[in-house]
Amino acid sequence: LTRQRLYVTDNGEQVYSIVSGSGASKEHRVYSLRVDGDECVINNGSCEIAVRKELLLASMRTLCGFNEGCSADCRPGFVL
């Protein structure tokens, strides 16, 4: 069983929580994302990474298959 939740804090930070497993053996992961200027800062509780917003959005479009058949022009800043 997996439960996923998305929260937005008062300061605009987004927090994604995942709980998976059953009974006594559960795994809990939490990721937070905040926008800082032109970058998205992603934290998993032990490390933090800053990614340019346009690169993150282009990566997500590509991973979700939205860029299939597009020319390189519709993938700004992202090279496969």
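## Notebook: surface patch, sheet and helix

**Entry: nonpolar patch.** I looked for nonpolar surface and found a patch of about 280 Å² made by Leu 6, Tyr 16 and Tyr 31. Areas are Shrake-Rupley values with a 1.4 Å probe, and for residues only the protein chains shown count as cover.

**Entry: source.** The model is predicted: local features need pLDDT of at least 70 and side-chain atom pairs 80 or more, while totals for chains, interfaces and linings use all residues. Residues are numbered from 1 along each chain as its sequence is written, and side-chain values use heavy atoms, without hydrogens and water.

**Entry: chain as a whole.** I noted one helix and five strands in the protein chain, taken as DSSP runs numbered from the N terminus (helices H or I, at least four residues; strands E, at least two). Read from the N terminus, the elements follow the pattern β-β-β-β-β-α. The chain has 80 residues, of which 15% count as buried; buried is under 20% relative accessible area, exposed is over 50%, and partly exposed lies in between (1.4 Å probe, protein chains only). The chain exposes about 6100 Å², and carbon and sulfur atoms supply 53% of this area. I also examined contacts (heavy atoms within 4.5 Å): among those between residues at least 6 apart in sequence, 0% join residues at least 24 apart.

**Entry: the sheet.** I traced an open sheet of five strands in the order β1-β2-β3-β4-β5, with antiparallel pairing; two strands pair if DSSP finds at least two bridges between them. The edges are β1 (2-8) and β5 (48-52); each has a single partner strand, so one side of each lacks a neighbour in the sheet. Neighbouring strands of this sheet are turned by 20° against each other on average, direction ignored. Tyr 16, a member of the patch, is found in β2 (residues 14-22) and counts as partly exposed because its relative accessibility is 30%.

**Entry: β3 with β4.** I recorded antiparallel pairing of β3 with β4 (residues 39-43) over five bridges. Arg 34 stands opposite Val 41 in β4. Ser 32 lies in β3 (residues 25-36) and has Asn 43 as its bridge partner in β4. Ser 32 counts as buried because its relative accessible area is 16%. Leaving out residues up to four places away in sequence, Ser 32 touches Glu 13, Gln 14, Val 15, Val 41, Ile 42 and Asn 43. The hairpin of β3 and β4 has two residues between the strands, and Gly 37 takes a positive phi near 70° there.

**Entry: Asp 36.** Asp 36 is also placed in β3.

Entry: β4 and β5 pair in the antiparallel sense over five bridges, and Glu 39 has Arg 52 in β5 as its bridge partner. In this hairpin I found four residues between the strands, with Gly 45 at a positive phi near 95°. Helix α1 (residues 53-63) lies across β3, β4 and β5 and runs at about 85° to β5. Axes are lines fitted to C-alpha atoms, for helices over the stretch in contact, with angles from 0 to 180 degrees between N-to-C directions.

Note on methods:
Patches are made of residues with over 30% relative accessible area and no salt bridge: like charges are joined within 9 Å, nonpolar side chains (Val, Leu, Ile, Met, Phe, Trp, Tyr) within 5 Å. A salt bridge is a side-chain nitrogen of Lys or Arg within 4 Å of a carboxyl oxygen of Asp or Glu.
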